[in-house]
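Open the model in your viewer and keep the selection panel at hand.

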Amino acid sequence: MIEPEVLTVTELTRHLKELVESNFPAACVLGEISNCTQASSGHIYLTLKDADAQLRAVMWRSRAEKLKFNVEDGMEVVAVGPVEVYQARGSYQLIIQKLLPQGM
């Protein structure tokens with residue numbers, strides 16, 4: 001059995017960041033909004049979820065200002081944008097560039 005290369009947390013996270021971000025430069029994700037908050041900065045932070053998983057997401061103020069509807073918990077949407085790995089926290093999130101309500 002070949003022993004795997006020993007990596008630091010930083011090295012492994014950097015590799016994952018490169019893999020995720022190069023493979024998901026534009027994802028379209030259908031989900032229900034939960035934990036939606038609008039920061040004083042104008043950014044919108046939310047979670048997209050379905051029956052089996054959840055995904056953190058953010059819409060920066062410059063995009064959020066252009067929305068023609070109010071973003072609310074329970075709303076089903078399609079969110080479009082790149083997936084980004086935040087290396088310092090070892091987490092990933094969708095950077096929402098376009099948000100489309102479903103069923104309206």
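Which elements each supply at least two residues of the lining of the second largest pocket? Select helix H1 (9-23), S1, S5 and strand S6 (91-95). Helices (H or I, at least four residues) and strands (E, at least two) are DSSP runs, numbered from the N terminus.

Before going on, note that this is a predicted model: local features need pLDDT of at least 70, side-chain atom pairs count only at pLDDT 80 or more, and totals for chains, interfaces and linings use all residues. Residues are numbered from 1 along each chain as its sequence is written, and side-chain values use heavy atoms, with hydrogens and water left out.

**Stop 1: the second largest pocket**

Select Thr13, Leu16, Val20, Phe24, Ala27, Val29, Leu55, Val83, Val85, Gly90, Ser91 and Tyr92. They line a pocket of about 190 Å³. A pocket is found on a 1 Å grid over the protein atoms alone: an open set of points where a 1.4 Å probe fits, with protein on both sides within 12 Å along at least five of seven lines; lining residues have an atom within 4 Å of a point. Grid points are joined across faces, edges and corners, and a volume is the space filled by probe spheres set on the points.

Color by residue class. Nine lining residues are nonpolar, three are polar and none is charged. Here Ala, Val, Leu, Ile, Met, Phe, Trp, Tyr, Cys and Pro count as nonpolar, Asp, Glu, Lys and Arg as charged, and the others, Gly among them, as polar. H1 gives the most to this lining, with three residues.

**Stop 2: Thr13**

Stay on helix H1 and pick Thr13. Leaving aside residues up to four places away in sequence, Thr13 touches Val85, Gln87 and Gly90 (heavy atoms within 4.5 Å).

**Stop 3: the largest pocket**

Now select Asn35, Thr37, Tyr45, Leu46, Thr47, Arg56, Ala57, Trp60, Glu84, Tyr86, Arg89 and Gln93. About 220 Å³ of space lies in this largest pocket. Two or more lining residues come from each of strand S1 (27-38), strand S2 (44-49), strand S3 (54-59) and strand S5 (83-86). S2 has the largest share, three residues. The lining divides into five nonpolar, four polar and three charged residues.

**Stop 4: Gly103**

Move to the segment after strand S7 (98-101) and pick Gly103. Gly103 is exposed (over 50%), with a relative accessible area of 87%.

Notes: Buried means under 20% relative accessible area, exposed over 50%, partly exposed in between (1.4 Å probe, protein chains only).
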